[in-house]
2 protein chains.
Amino acid sequence: MGGYSVPMSAVPTLRDVAVHAGVHVATVSRALNPETRHQVNAETAARIISIARDLGYRPNALARGLRTARSTTVGVLLPDITNPLFPPIVRGIEEVLLPEGYTALIANTDNAPDQEEAQFTRLRQHHVDGFIVATARRDHPLLRRVRQEKIPLVLVNRTIERGGFTSVVADDTAGVTAAVRHLIDLGHRDIAFLAGPSNLSTALLRLNTFKRAAAELGVAVDGRLIERCEAYSEAAGDAALSRLIAGERRFTAVLASNDLIALGCYDALERNGLSCPGDISVIGFNDMPFIDKLRPPLTSVHVPHHEMGRTAARLLLKQIRDGLPRRGETVQLPVELVVRGSTAAVRP
Amino acid sequence: MGGYSVPMSAVPTLRDVAVHAGVHVATVSRALNPETRHQVNAETAARIISIARDLGYRPNALARGLRTARSTTVGVLLPDITNPLFPPIVRGIEEVLLPEGYTALIANTDNAPDQEEAQFTRLRQHHVDGFIVATARRDHPLLRRVRQEKIPLVLVNRTIERGGFTSVVADDTAGVTAAVRHLIDLGHRDIAFLAGPSNLSTALLRLNTFKRAAAELGVAVDGRLIERCEAYSEAAGDAALSRLIAGERRFTAVLASNDLIALGCYDALERNGLSCPGDISVIGFNDMPFIDKLRPPLTSVHVPHHEMGRTAARLLLKQIRDGLPRRGETVQLPVELVVRGSTAAVRP
DNA sequence: ATGAAAGCGCTAACAA
DNA sequence: TTGTTAGCGCTTTCAT
């Protein structure tokens, strides 16, 4: 037939394409890269592109990364992908990154500093071009160090107050305020609050907002109705609400700092023979996937996690391309109270 | 002081370590690699290791991968990480891979062949050393192609019957049989089955097992009580059960091919004013996270997803190290029926 | 036990 | 417009 032969076995390289096209590898490189294609004779470029396609040529990301010092990968640090909060964030991130040719490397830290350090090191060995971090604690030496190294970095979900980090968070203030107002509108006056771990920005902000909103809406805040959970977890929520129930101070509603804590509340209520919302109304935070399947369906503050991921990815790409900002901006995404069956008006 | 100075800015390379140690880079390479360390004078090696640590040296995974043609990364193809089934599998995979120095690259395919093809190509560009695939369809040209390319490959969750692929699946036969027996023990005789998409191995196996188990246990299988869902999704389950309810053939229990379909059953029952388990008992499959929080709590066949991921990762590492097996083995993991509140004895 | 040298596949500065 | 050359950081063969 007289055409060139297509090697069936090994992965073709630029050199293979160059040989088949009868040109130098550099020309092939230029022709195949859209950025430099204009430097090449249009017909030659077309021929090269065609040959590359026929051979099934795919650029070697390792070689390109080594040469250009850009890997087109980004590291994503999460507490735990099995927490339903995070998969939508990840999908949002990938939705933005993939079309731009970037690959996300996911790492779980389990909120353990050692593990986080190890994951971070591993990702750096793979020369990721930047980080999206969902594991920020209010005091976070590791993140301060990363920032000093001038690596593109965006925080998501949680932030570090006044840290100057670029971050994407939910409008927790609006969310908690709406939740408190909803309960008060239903006639509740004795409202308990289950706060999250004090080293997380979201926990502190939601707690402070709860106090302020209740006061502003004319409901006295009773310190005995505020319990701290050591983790955003079902077990911690169960334990915290059990402590409140065992206490003397009565209450008709509880606002949980997040949905997992609210799930724990359901457990505690059931074990104590209390009904929801008959005896006690519950509101959660995050509106995580499948939370609407509970009985009674949980009223919760919906956070746009998918959009959060998208925004974080966009901000990271911007940093990768334009360089680090002098001072990071914090993007606050709107939230919405989704009323379901877990809240009821207090009996007259 | 008189020590060597530690460069604070750029990432140190082998060369930096070599200069500080006064030896050749090759010696540093040998000393730092446990496999070749014995070739180096013990004292020299110790000195090099110490200097490398002081400098904060980290091997460049891109350079190493380029040189050795092994990237120490593996690709993981999932339908969708937001399906709660998959995060535990991913964690299981990482639990095995990370200690061995491997990094997992996660890709979502949304069960779309185009997207899967694109993801696959992207992962190949990054020269992953192998694939763990949770997206297998019974007829899957892409996977057959990959296999011909002699790339290490392990299927997880789903398999391809008689395809010769190494795979890790649940013991669906035992699971479905236990579920059917449970319903029959409760006195049910009119049992509906909601099958999954016919192009998935799990769907076919569970359907066939249902038919066989029911017959063997002395319950006639009525074709009118078998509905096919086009997807493993809530919406598909809702639609399928609604069709059955609208039909003439009565039934007292429904076995869903997976939990998402069972979730859809809850929706359909509620919309039709039927109670569970009062009017109709429901059993799911997978026992996915949070499924126990439903009301009534869903009886389901527990599948050890975490262990599934671990096993798949182990088998993949074996392939990467020992080469591809002539014919892949299928590992079947034990399952367990978890009885919760969604099933009740039929009224006499 | 160590050094020298080559080269993995690619891009980019420089030359022609 | 195209070719030449060098080199990213590492491993590995060969030589000493």
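Q: Which rotation superposes chain B on chain A?
A: Superposition here is by least squares on the C-alpha atoms of residues with pLDDT of at least 70 in both copies. A rotation of 180°, with 0.0 Å of shift along its axis, puts chain B on chain A at an RMSD of 0.0 Å. The two copies are thus related as by a two-fold rotation axis. The same surface serves both copies, since 100% of the contact residues of chain B recur in chain A.

Q: What should I know about the model and its numbering?
A: This is a predicted model: local features need pLDDT of at least 70, side-chain atom pairs count only at pLDDT 80 or more, and totals for chains, interfaces and linings use all residues. Residues are numbered from 1 along each chain as its sequence is written, while chains are lettered from A and ligands numbered from 1 in the order in which they are written.

Q: How many residues of chain B are in contact with chain A?
A: Two residues are in contact if their C-beta atoms, placed from the backbone, lie within 7 Å. By that test, 33 residues of chain B touch 33 residues of chain A. On the chain B side, helix 4, helix 5 (86-97), strand 2 (103-108) and helix 6 (113-125) each supply at least two residues. Helices (H or I, at least four residues) and strands (E, at least two) are DSSP runs, numbered from the N terminus. By class, this side of chain B has 16 nonpolar, 10 polar and seven charged residues. Ala, Val, Leu, Ile, Met, Phe, Trp, Tyr, Cys and Pro count as nonpolar, Asp, Glu, Lys and Arg as charged, and the others, Gly among them, as polar.

Q: Which residues are closest to DNA strand D?
A: A residue is near a strand or molecule if its C-beta atom, placed from the backbone, lies within 6 Å of it. DNA strand D is surrounded by 24 residues, the closest being A:His24, A:Asn41, B:Thr13, B:Leu14 and B:Ala26. Helix 2 (25-32) and helix 4 (61-68) of both chain A and chain B each give at least two residues. Helix 4 of chain B gives the most, five.

Q: At what angle do helix 2 and helix 3 of chain A cross?
A: Axes are lines fitted to C-alpha atoms, for helices over the stretch in contact, and angles run from 0 to 180 degrees between N-to-C directions. The axes of helix 2 and helix 3 (residues 42-55) of chain A come within 9 Å and cross at roughly 90°. This contact has seven nonpolar, two polar and no charged residues.

Q: In what order do the six strands of the chain B sheet lie?
A: Two strands pair if DSSP finds at least two bridges between them. In chain B, six strands form an open sheet of mixed pairing, in the order 7-6-8-9-10-12. Strand 7 (226-228) and strand 12 (336-338) are the edges, each pairing on one side only. The twist averages 20° from one strand to the next. Strand 6 (residues 191-195) and strand 8 (residues 253-256) of chain B run parallel, joined by four bridges. B:Phe193 stands opposite B:Leu255 in strand 8 of chain B.

Q: Which strands does helix 9 of chain B lie across?
A: Helix 9 (residues 201-216) of chain B lies across strand 6, strand 8 and strand 9 (281-286), at about 165° to strand 6 of chain B. Helix 10 (residues 234-246) of chain B lies across strand 6, strand 7 and strand 8, at about 145° to strand 6 of chain B.
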